[in-house]
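Here is a friendly briefing to read alongside the model.

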Amino acid sequence: MKIKDSNVLITGGASGIGKIMGRMALEKGAKCVIIWDINEQNIATTVEEFSTIGKAKGYRVDVGNIEAVRTAYATTVKECGDVDVLINNAGIITSNKTFDQVGISEIDRTMLINAIAPMYVARVMLPDMLRRGVGHICNITSAGGMLGNPRMAVYGASKWAAIGWSDSVRIELQEQKSPVRVTTITPYYINTGMFDGVKAPIIPILKPEYVARRVLRAIEKNLMFRGIPFGLHFIRFWQFVLPIPVFDFIFGKVFGIYHTMDNFTGRK
């Protein structure tokens, strides 16, 4: 799917890699970049910055509210035209508590925004993509959805759900021989502020520009799945090959993955 001459909609697009992807999409010649975000000030600032590069529109949308999603989509199509590329990027992490200390409200909100909201957004837009025979849905999930990790049980659960849903929709469209494509992205920790305090002793925390560039390239190449960095593609292989205690030792002790969240503070 070419970014050039396409309408690209990015949820959570007024900050972090969402904002960077929006800028890069305009630099690639996108017809319009559409920002859906919850922060009105960030939306205004982002649209103003993007206006020097190309056409951008911004809307305040709570993607965890299905009626808000439907209303915003109708307005978006009316004002900007059909959505060609959807990037489900909005996501949250609330704390680094162990599961016995996590509040019910944290569970509900994390599952809603990370797992259910992408379904809401895609469910509203997919029928029009199918009708037109044009479209690409890219779901930004997480390496945390492929590998169990202490102090992020609920976040990990939400991303496991997102990966399973995203790949299932991809296969459904493939079975229907539809030209609409789905790409699932599973990045490692990204240095956007969302994971401030995380310590990664072996695998370095990713730079946002690097991740944004890889995501757009995956869309343009119609990739089905993209782990960032590429080594994440082998996690499932090692889980299958190694006994669980050995796997835990290598990834938990040697790579230090199981203690990356110990000093997490998150975005202030």
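## Cavities, pairs and backbone

Ala90, Asn114, Pro118, Asn139, Ile140, Thr141, Lys159 and Ala162 form the lining of the second largest cavity. Please bear in mind that this is a predicted model.

- The volume of the second largest cavity is about 30 Å³.
- At least two of its lining residues come from each of α4, β5 (136-140) and α5.
- Sorted by class, the lining of the second largest cavity has four nonpolar residues, three polar ones and one charged one.

**The largest cavity**

- With a threshold of 30 Å³ or more, the count is two cavities.
- The largest cavity takes up about 100 Å³.
- It has 13 lining residues, and those closest to its centre are Thr94, Ser95, Val102, Val154 and Tyr155.
- Of the elements, α5 gives the most to the lining of the largest cavity, namely three residues.
- The lining of the largest cavity is made up of six nonpolar, four polar and three charged residues.

**The second largest pocket**

- If you are looking for open space, the second largest pocket holds about 160 Å³.
- Its lining consists of Arg170, Leu173, Gln174, Ser178, Val180, Arg181, Val182, Asn222, Leu223 and Met224.
- The elements α5 and β6 (181-187) each give two or more residues to that lining.
- Here α5 has the largest share of the lining, with three residues.
- By class, the lining of the second largest pocket comprises five nonpolar, three polar and two charged residues.

- Side chains of opposite charge can pair when their charged atoms come close.
- Over the whole structure, the search finds 13 salt bridges.
- One of them joins the side chains of Arg23 and Glu27, at 3.3 Å from N to O.
- Arg23 and Glu27 are about one helical turn apart, because they sit four residues from each other in helix α1 (residues 16-27).

- Are the two partners buried or exposed, fully or in part? Lys97 is partly exposed at a relative accessible area of 33%, whereas Glu106 is buried at 12%.
- Shared partners join the salt bridges of Arg23, Glu27 and Glu209 into one network.

**Backbone details**

- Which peptide bond is cis, with omega near 0°? The bond in question runs from Ile228 to Pro229.
- Pro229 is located in the loop between β7 (225-228) and α7 (235-241).
- Arg151 is not a glycine, yet its phi is positive, at about 70°.
- The place of Arg151 is in the loop between β5 and α5.
- With a relative accessible area of 31%, Arg151 is partly exposed.
- Asn222 is another residue that has a positive phi although it is not a glycine, here about 55°.
- The loop between α6 and β7 contains Asn222, and this residue is also part of the lining of the second largest pocket.
- Asn222 counts as partly exposed, with 28% relative accessibility.

Notes:
Residues are numbered from 1 along each chain as its sequence is written. This is a predicted model: local features need pLDDT of at least 70, side-chain atom pairs count only at pLDDT 80 or more; totals for chains, interfaces and linings use all residues. Side-chain values use heavy atoms; hydrogens and water are left out. On a 1 Å grid over the protein atoms alone, a cavity is a set of points where a 1.4 Å probe fits but cannot get out, and a pocket is an open set with protein on both sides within 12 Å along at least five of seven lines; lining residues have an atom within 4 Å of a point. Grid points are joined across faces, edges and corners, and a volume is the space filled by probe spheres set on the points. Ala, Val, Leu, Ile, Met, Phe, Trp, Tyr, Cys and Pro count as nonpolar, Asp, Glu, Lys and Arg as charged, and the others, Gly among them, as polar. A salt bridge is a side-chain nitrogen of Lys or Arg within 4 Å of a carboxyl oxygen of Asp or Glu. Buried means under 20% relative accessible area, exposed over 50%, partly exposed in between (1.4 Å probe, protein chains only).
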